[in-house]
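Please work through the exercises below with the sequence and the model in view.

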Amino acid sequence: AAEAGLRAEAAELARRLQELERRHEKTCEEVFRVQRQALFMKSERQAAEDRLGAAQKQLEQAQDEARRLRELHGHAEDAARLVRDRDRKITELSKEVFRLKEALNALPESGSPPQSPPNTAALQAQIRALEEKLEETERRHSKVVTLYRSHLLYAVQ
């Protein structure tokens, strides 16, 4: 009877051992599955952080580009203002040259009073100076227009 009791107890212990081994196996499988899932989530998180970093870098580049374009736009507006100012100055100088030429043509050619030749010479010198100033202003105007166009082309690109 004692032997039968011991056998029954040994059988019960063997059954419990098998149950514990089965549960241990299931726990190991669950731990392995959770570790795999954690590793996958870690790699997903790293990929998301990489994408975020790339997006932030693109945003910074876009902001830098927008800042640069705003600066170029400001330069272009400054150049346009200079062009308008030079155009106005050229127009004023052209009108002045025209008015002085008209005044010079209105002077009598011969039989003029003694002080007239110095006035004519002074007017001619003033006309020459204004014509030179007009040419210089037109050259500077041309340079500003060229600069303005290059700024605009650069801004468009």
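**Exercise 1. Determine what share of the contacts between residues at least 6 apart in sequence joins residues at least 24 apart, and describe the overall form of the protein.**

Solution. Step one: among contacts (heavy atoms within 4.5 Å) between residues at least 6 apart in sequence, 87% join residues at least 24 apart. Throughout, the model is a predicted one, in which local features need pLDDT of at least 70 and side-chain atom pairs count only at pLDDT 80 or more, while totals for chains, interfaces and linings use all residues. Residues are numbered from 1 along each chain as its sequence is written, and side-chain values use heavy atoms, with hydrogens and water left out.

Step two: the protein has two helices and zero strands, where helices (H or I, at least four residues) and strands (E, at least two) are DSSP runs numbered from the N terminus. Step three: the C-alpha atoms fill a box of roughly 165 × 20 × 15 Å along the principal axes. The radius of gyration is 47 Å, whereas a compact globule of 157 residues would have a value near 15 Å, the radius being taken over C-alpha atoms and the globule rule being 2.2 Å times the number of residues to the power 0.38.

Step four: 13% of the 157 residues count as buried, a class that means under 20% relative accessible area, with exposed over 50% and partly exposed in between (1.4 Å probe, protein chains only).

**Exercise 2. Relate the annotated span at residues 3–79 to the model.**

Solution. First, the unreviewed UniProt entry places a "coiled-coil region" at residues 3–79; UniProt positions are given in the numbering used here, feature names are shortened, and annotations may be inferred rather than shown by experiment. Next, in the model this span is 100% helix and 0% strand, and its end C-alpha atoms lie 111 Å apart.

**Exercise 3. Identify the residues of the largest nonpolar core and the elements that supply them.**

Solution. A nonpolar core is a set of buried Ala, Val, Leu, Ile, Met, Phe, Trp, Tyr and Cys residues joined through side-chain atoms within 4.5 Å. The largest one has nine residues: Ile-90, Leu-93, Val-97, Leu-100, Leu-104, Leu-123, Ile-127, Leu-130 and Leu-134. Helices H1 and H2 (116–156) each give two or more residues to this core, and the largest share, five residues, comes from H1. As one of its members, Leu-130 is in contact with Leu-93, Glu-96, Val-97 and Leu-100, leaving aside neighbours within four places in sequence.
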